[in-house]
Amino acid sequence: MVTSIRRTLVLVSLLLLATPGLAQSGYFKDDFTWGFNAGIWQARSGSNGTPFGCTFNPSMITPSSHGITLGVSPGQCSELRTHNLLSYGRIQGSLKTGNAPGTVSSIFTYTSWHDVPGRAWQEIDIEFLPTLGNVVHTNVIYQPQGGTYESWEQDIDLGQYGLNITRDMVHIGFDWSSWRIQWYVTDAWGNQQVIRTIYRDNGDGYVANNEIPQYAWPSDPTRLMINHWHGDNTSEAYYFPGQYFQENTWAYYDYIEYSPH
């Protein structure tokens, strides 16, 4: 009986290892020295459709002695996403961006029916949009397949923490659990500052301003992504990420770290 159980466990482990994206990843930190770790990340190719307006091109990711630059030029952009799915944990990194309107650079989690048929779109965002100014755009997104899109957005001024995303390396992240998401930055004086906290509704029949309904709470295993892209100047893109003026620009990422709970 014990031998049979062991064989079953071995087979399950082999299946998880052999199936891309099925196994959940443990702790990792990629400091992007001379590029990204291909065992952790996949460089995305292909178009993502409106309102992106650009094709993801691995050649737009440029390595350096410490860190990588994700480039944007008219019609071309860049993205990395983890091979494996992640669960609750602490996600953080450090980046600095250019100042081209109509672009966005991000650290975010994402899963949907593209990962598992019937799964809802679930996303947690850290985004920088020069069109909005020196702010970080935080967001949680939920949409069931074929259902209504919902989001919980809040822009936070970085200047109050002595930071400028186009001038400083901004150390930023969020802690994601089954009941709370907490975004934080390291301010200009080296102190970690919580900049937003949102909770899973406790089912008391009232959803407060800092709560998300239980049904919409991001709970499924998810991919972690970093990207840099521009909009397509459609009416949807004018709202987010703003009008793009065909500029070449960049976003520099120093490291990304994931610590599971």
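Asp254 sits in strand β18, residues 249-260. Its side chain makes a polar contact of 3.2 Å with that of His66; such a contact is a pair of N or O atoms within 3.5 Å, one able to donate a hydrogen and the other to accept it.

This is a predicted model, in which local features need pLDDT of at least 70 and side-chain atom pairs count only at pLDDT 80 or more, while totals for chains, interfaces and linings use all residues. Residues are numbered from 1 along each chain, and side-chain values use heavy atoms, without hydrogens and water.

The search of the whole structure finds 1 cavity of 30 Å³ or more. On a 1 Å grid, a cavity is a set of points where a 1.4 Å probe fits but cannot get out; a pocket is an open set with protein on both sides within 12 Å along at least five of seven lines; lining residues have an atom within 4 Å of a point.

| Space | Volume | Lining by class |
|---|---|---|
| Largest cavity | about 50 Å³ | 3 nonpolar, 5 polar, 2 charged |
| Largest pocket | about 850 Å³ | 12 nonpolar, 9 polar, 10 charged |

Of the 31 residues lining the largest pocket, the closest to its centre are Asn48, Pro51, Phe52, Trp121 and Glu123. Residues lining the largest cavity include Glu123, Trp176 and Asp220. Strand β10 gives the most to the cavity lining, with 3 residues.

Conventions
Points joined across faces, edges and corners; volume = space filled by probe spheres on them. Helix = DSSP H or I, 4+ residues; strand = E, 2+ residues; numbered from the N terminus. Nonpolar A, V, L, I, M, F, W, Y, C, P; charged D, E, K, R; others polar.
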